[in-house]
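Please read them with the structure open.

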Amino acid sequence: MADRGHDHVHASPVDEDSPHSYHQTLEVAVRELLIEKGVIDADEVRAAVEEMDARTPARGARVVARAWTDPDFRARLLADAPAACRELDIDVSPAQLTVTENTEDVHNVIVCTLCSCYPRPLLGLPPSWYKSASYRSRAVREPRAVLQEFGLDLPETVAVRVHDSTADLRYIVLPQRPEGTDTFSEDDLAALVTRDCLIGVAVPRVTRTVAEPASP
Amino acid sequence: MPRFATGDRVRVRAAHPPGHVRTPYYIRGRTGIVERICREFGNPEELAFGRHDAPKVMLYRVRFSQSDVWSDYKGASDDTIDVEIYEHWLEEVANG
Amino acid sequence: MDSRGRGTHDIGGLAGAPIELSEHEAAFWEKRVDAILMLLVGEPRRLISVDELRRGIEQLGAGAYERLSYYERWIASITTLLLEKGVITVDELGRKIAEVEGRGA
């Protein structure tokens, strides 16, 4: 019971106040049995959830912004993404991370039809739509229609390259750097890179002009 | 040693065994081009039954033309789909 | 597995509804399910593999696979694997579930 009180420390939605579904009860029962048997301990569970919460798409955005500003890094990222991420103190193990680069002629989009495999070390937990039957079933067969539902209408001159994460590789998309960002700092650039850009259902847009030099 | 090289034309075997299989149904029987040799990995079909000592298997990334995968594909003729496939699911295709 | 040998989970290319774009963060119990799996899969325990988890999910059967949410499928599969491997027993689990239910909402 001692661990349950700590749950409320987190800002995450708390389920303790609502009646438990059967599977929520099962989670509590299995976890407590594993703790009582010494298989895992409560602190480890908490630490794992904290680590999960620390992984956000900001990590992926940092990688992209560096690739946009440092051509040598970009080359290393495309050749060996795990090693390049380590340069930024981002550990992507055990994922076999692979970076797919958008160009003038090619747009990449990522899906996992069999499950919901996702580049979690760089993006955190997948959004619910990524795990949905609709996205998993349709993204491979009608990717352009799916992208349109996300507001991305690509011309026929751009080839759509779908990546189905069936096995051991995990993918992120390296989007194209938007026009008009020459004066942007790396942090400004990272702010343009949303989670959806890294999955390939969106492209970075300059939604604001960076204010006249805010800092000297 | 990988049995296939980058650029080889390969066909995905059209088999439908039970068990845990990482070759999606929609790609079985389709022909594509080896985009890259990934490396050897544990075989999910064996790992799924707890057999961690089973021999590793070579993994490839194979690129398919979408219009070869879906007869009614709506999109550009250059649209492709990349799927990771283990070596034992691939067979040679004569050039042509 | 359907009559042509297609698994319930193997849905690439099937027709589907428009993508539901609303976002909701994982609930805390869902994150705990995720955490339990990571701990059981990772070093030093390696009690179960992700492939086993997925086999368990794929064998839930068509009705359950489609009805259950993502993390409901996970905890169902994790539980079955722990029972199969003898890490926990059915009797222990039955008693613990009753105890948890008895704590009230």
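1. In these notes, contact means heavy atoms within 4.5 Å. The model is predicted. With that cut-off, and leaving aside neighbours within four places in sequence, Leu77(A) is in contact with Val63(A), Ala67(A), Ala84(A), Cys85(A) and Val99(A).

2. Leu77(A) also belongs to the largest nonpolar core, which has 78 residues. Leu77(A) is listed there among the residues with the most contacts inside the core, together with Leu122(A), Tyr135(A), Phe64(B) and Ile85(B).

3. Chain A carries two assigned domains: domain 1 covers 22–53 and domain 2 covers 56–214. Taken over C-alpha atoms, the centres of domain 1 and domain 2 of chain A are 32 Å apart.

4. The contact involves 57 residues from chain A and 55 residues from chain C.

5. The polar side of the interface between chain A and chain C can be listed as well. The rule finds 9 salt bridges across it, and 18 residue pairs are in polar contact, both residues at pLDDT 80 or more. One salt bridge to look at joins the side chains of Glu32(A) and Lys96(C), with an N to O distance of 3.3 Å.

6. Between chain B and chain C, about 1,400 Å² is buried, and carbon and sulfur atoms give 50% of it. In this case 18 residues of chain B are in contact with 14 residues of chain C.

7. Across the interface of chain B and chain C there are 2 salt bridges by the rule. Arg28(B) forms a salt bridge with Asp10(C), where the closest N and O atoms are 3.7 Å apart. The count of residue pairs in polar contact between chain B and chain C is 5, both residues at pLDDT 80 or more. On the side of chain B that touches chain C, the residues divide into 10 nonpolar, 6 polar and 2 charged.

Notes. Residues numbered from 1 in each chain as written. Chains lettered and ligands numbered in written order. Predicted model: local features only at pLDDT ≥ 70, side-chain atom pairs only at ≥ 80, totals over all residues. Heavy atoms only, no water. Core = buried A, V, L, I, M, F, W, Y, C linked by side-chain atoms within 4.5 Å. Buried < 20%, exposed > 50% of the residue type's maximum accessible area, 1.4 Å probe, protein only. Buried area = accessible area lost by both parts, 1.4 Å probe. Salt bridge = Lys/Arg side-chain N within 4 Å of Asp/Glu carboxyl O. Polar contact = N/O pair within 3.5 Å; in protein donor to acceptor, adjacent residues only side chain to side chain. Nonpolar A, V, L, I, M, F, W, Y, C, P; charged D, E, K, R; others polar. Domains from an automatic or database assignment.
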